[in-house]
Amino acid sequence: AFLAASVAQGAGTAPAATPPRRLYVAIAYLTSYEGMGSARGSCTGACTCSARIMDARVSSQRISVVHTETIDDLRLDRAALAAGQPCAFDLELLRRPDTAPTPERFKLVKLSVGEWWSDGDRS
């Protein structure tokens, strides 16, 4: 999935007196008590971020809910963006040995990108 072009391309440049923008990726996905697996998410192309493993199985209760995972260290390679390389987010389904005969799934609900101007924005 491609990340938002307006943030990735630096639209809305901040005034020189403000601190640099801190970008994040938010991944909303369905968690459930059966049939769900895990996925590894990572930034590629003209951006980097910490890879994250997201487990969509909930074993404590028989419920299905949407969970949001935030990766708050998105970094852009402005030269690569200027050269036309996209900033992308890859999701890879991870197979578990204990569920080999049962197909697993990972349901992405929403992928978004955003920015914090200060630590006070992180609530």
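The model is predicted, so local features need pLDDT of at least 70 and side-chain atom pairs count only at pLDDT 80 or more, while totals for chains, interfaces and linings use all residues. Residues are numbered from 1 along each chain as its sequence is written, and side-chain values use heavy atoms, with hydrogens and water left out.

**Overall layout**

- The chain contains two helices and seven strands; these are DSSP runs numbered from the N terminus, with helices (H or I) of at least four residues and strands (E) of at least two.
- Along the sequence, the elements follow the order α-β-β-β-β-β-α-β-β.

**Surface and burial**

- The chain has 123 residues, and 35% of them count as buried (under 20% relative accessible area; exposed is over 50%, and partly exposed is in between, with a 1.4 Å probe and protein chains only).

**Nonpolar core**

- In soluble globular proteins, nonpolar side chains tend to be buried together.
- The largest nonpolar core has 21 residues, and Val25, Ile27, Cys43, Leu74 and Phe89 touch the most other members; such a core is a set of buried Ala, Val, Leu, Ile, Met, Phe, Trp, Tyr and Cys residues joined through side-chain atoms within 4.5 Å.
- At least two residues of this core come from each of strand S1 (22-32), strand S2 (38-45), S5, helix H2 (78-82) and strand S6 (87-94).
- S1 gives the largest share, four residues.

**Salt bridges**

- Side chains of opposite charge can pair when their charged atoms come close.
- Two salt bridges are found in the whole structure, each a side-chain nitrogen of Lys or Arg within 4 Å of a carboxyl oxygen of Asp or Glu.
- One of them joins Arg52 and Glu69, with the closest N and O atoms 2.8 Å apart.
- Arg52 is in strand S4 (residues 52-55) and Glu69 is in strand S5 (residues 64-76), so this pair ties together parts that are 17 residues apart in sequence.
- Arg52 is partly exposed, at 23% relative accessible area, whereas Glu69 is buried, at 18%.
- Arg75 and Asp73 form a salt bridge with an N to O distance of 3.5 Å.
- Arg75 is partly exposed, at 44% relative accessible area, and Asp73 is partly exposed, at 22%.
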